[in-house]
Amino acid sequence: MSHLLEVEGLVKRYGDELVLDGIGFDMDARDVQVLVGPSGSGKSTMLRCVNRLTEFQGGEIRLDGTSVMAMDENDLRRQVGMVFQDFNLFAHLTAKQNVMLGPRRVLGKSKEAADALAMEELERVGLAAQADSYPAELSGGQQQRVGIARGLAMDPKLMLFDEPTSALDPELIGEVLSVMRELAEEGMTMLCVTHEMSFARQVATDIMFLEDGHIVEHGDPEKLFTNPDNERTEQFLRRLTEHGDGS
Amino acid sequence: MTAALPLATSDWGYVWANLGTLIAAVWPALKLTGAALVVGFVVGVPLGTLEVFGGRRSAWLARKAGVVVRGTPILVIMFITYFGLGLSPAFVAATAALGVRSAAYQGQVFRGALQSIGRGQMEAARSVGLSKLGAIRHVMIPQALRRFVPGFQNEYTIVLKDTSIAFAISYTEIFYHMYNLIPEQTTATPELFLTVAGIYLVLTLTGNRVLDYVDDAFSIPDGGASR
């Protein structure tokens, strides 16, 4: 039986620069796969290959057994939610309208149905009271939770999180992580790029350490944190922890 | 009288006596302004969008067409539409000329508005499964239109003042009537010019106030952060 997501020998180049050099891993439904690694290691690029926001030059990515290159890109993205580092909420729409846009214009739901669905998703991230606020009226943490609700409203098979807390003030990180934690508990399949080591350790089913476009280490969170095989992994994790990131 | 402009009470009297004629001509001037701006908007917004999101060929074509039109004097364009293409009455020819030129400028304003929107908006729209066209329509254009208003205010001012050029094809707007008042009392020429300038100034200021209001009404709420 095939996995929900299969990545095989993924190669990505920007000009001459090799950004991803043969990445491979699998995810099953309900998995929470965390990608860590120094900046420039290709984590975000890897994520963006999955929903084809970025083209890749070699290898294969399969969703439910179908190559993403063989799928219509809009159809693929309908099934894969994405949460951005900079939130990227639609600035001219209220929180609720942000969540409604996809269901309405992509899934073709009626206004009433999309409205009800949006309220449900906003409830889920604890923002029903802010439904009529515009992004600029919300805190960063609230904006990111709307961003998550927007992804969830499409009922995706897989959610991609691209450093969802990196643009947030420290005191706002917790609210976003707790929403993500709940999602994981509800069984959402999640592929996350993050530097939040406490989240990774508690929630991840698997952690990959990426460096220079390679997977340096890959495995069970507890093992990776307590007894990494690779010296680079150990150094990287130690540095993150020393900087007080593991709160 | 040693002033730079030979102004005289009797000439002001002449202006006063004919002020009604000049003010009555405000309507045709505004009508032409409005029609030209509408043509400019309807043609210019798609052109600006093509420049940003079009294919290589259509973007190139939109860009070149804009350069040619912006590089041609308005009087020449008006002679082309009136004498060359034979559009009539003068209102139609003037609307076409000012409209085409306005499209070339409004297209640039709209292009700038679109380009000022962060890349992330497009990516977010695509990531929920919207097609490129859907993303342009539902996410990019609504935001660009709001950023378009201040540039459009300039365009309103320019088109309004350039309606005076339509006097050259005998469109009976403000300038045309003023011009016809000169032969009867040539000494009143400076007073007539100043009066007409004053009328344009009033129209410019009030029009811009109205557009300020539009800008405000359509601005995206931010909890007062930008005030």
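**A first walk through a two-chain model**

Chain B averages a pLDDT of 92, and 96% of its residues score at least 70. I start there because this is a predicted model, and where pLDDT is low, the predicted coordinates should not be read in detail. For the complex, the predictor gives an ipTM of 0.91 and a pTM of 0.88.

Let's stay with chain B for a moment. What is its secondary structure made of? It comes to nine helices and zero strands, so reading along the sequence gives the pattern α-α-α-α-α-α-α-α-α. The C-alpha trace of chain B spans about 70 × 50 × 30 Å along its principal axes. Of the 227 residues in chain B, 37% are buried. If you take the contacts in chain B with a separation of 6 or more, 76% of them are between residues 24 or more positions apart.

Now over to chain A, and to its sheets. One of them is an open sheet of four strands, in the order S2-S1-S4-S5, with antiparallel pairing. Strand S2 (17-27) and strand S5 (66-67) of chain A each have a single partner strand, so each has one side without a neighbour in the sheet. Strand S1 of chain A, residues 5-14, is joined to S2(A) by eight bridges, and the two run antiparallel.

Let me zoom in on strand S6 of chain A, residues 80-83. Are its faces covered or open? Both are covered: Val80(A) and Met82(A) on one side are buried, and so are Gly81(A) and Val83(A) on the other. Four bridges join S6(A) to strand S7 (residues 158-162) of chain A, and these strands run parallel. Along that pairing, Val80(A) stands opposite Leu158(A) in S7(A), and Met82(A) stands opposite Leu160(A).

Leu160(A) brings us to the largest nonpolar core. It has 132 residues, and those touching the most other members are Ala149(A), Leu160(A), Met190(A), Met78(B), Ala94(B) and Ala97(B). Which element gives the most to this core? That is helix H5 of chain B, residues 90-115, with 14 residues. As for Ala149(A), leaving aside its neighbours within four places in sequence, it is in contact with Val99(A), Glu121(A), Leu122(A), Arg124(A), Val125(A) and Leu127(A).

Next, how the two chains meet. The contact takes 21 residues from chain A and 21 residues from chain B. On the chain A side, the elements giving two or more residues are helix H2 (73-79) and helix H3 (95-105). The residues on that side divide into 10 nonpolar, five polar and six charged.

I'll finish with some backbone details. Most residues other than glycine have a negative phi, and most peptide bonds are trans. Arg30(A), in the loop between S2 and S3 of chain A, has a positive phi near 75 degrees. Asp155(A) is not a glycine either, and its phi is positive at about 50 degrees; you will find Asp155(A) in the loop between helix H5 (140-152) and S7 of chain A. Why does Arg30(A) count as partly exposed? Because Arg30(A) has 14 C-beta neighbours inside 10 Å. Asp155(A), with 14 such neighbours, also counts as partly exposed.

In chain B, the bond to look at joins Ser88(B) and Pro89(B): it is a cis peptide bond, with omega about 0 degrees. Pro89(B) is in the loop between helix H4 (74-84) and H5 of chain B.

How values were computed: Residues numbered from 1 in each chain as written. Chains lettered and ligands numbered in written order. Predicted model: local features only at pLDDT ≥ 70, side-chain atom pairs only at ≥ 80, totals over all residues. Contact = placed C-beta atoms within 7 Å. Nonpolar A, V, L, I, M, F, W, Y, C, P; charged D, E, K, R; others polar. Pairing = 2+ DSSP bridges. Buried ≥ 20, exposed ≤ 12 C-beta atoms within 10 Å, placed from the backbone. pLDDT = per-residue confidence, 0-100. Core = buried A, V, L, I, M, F, W, Y, C linked by C-beta atoms within 7 Å.
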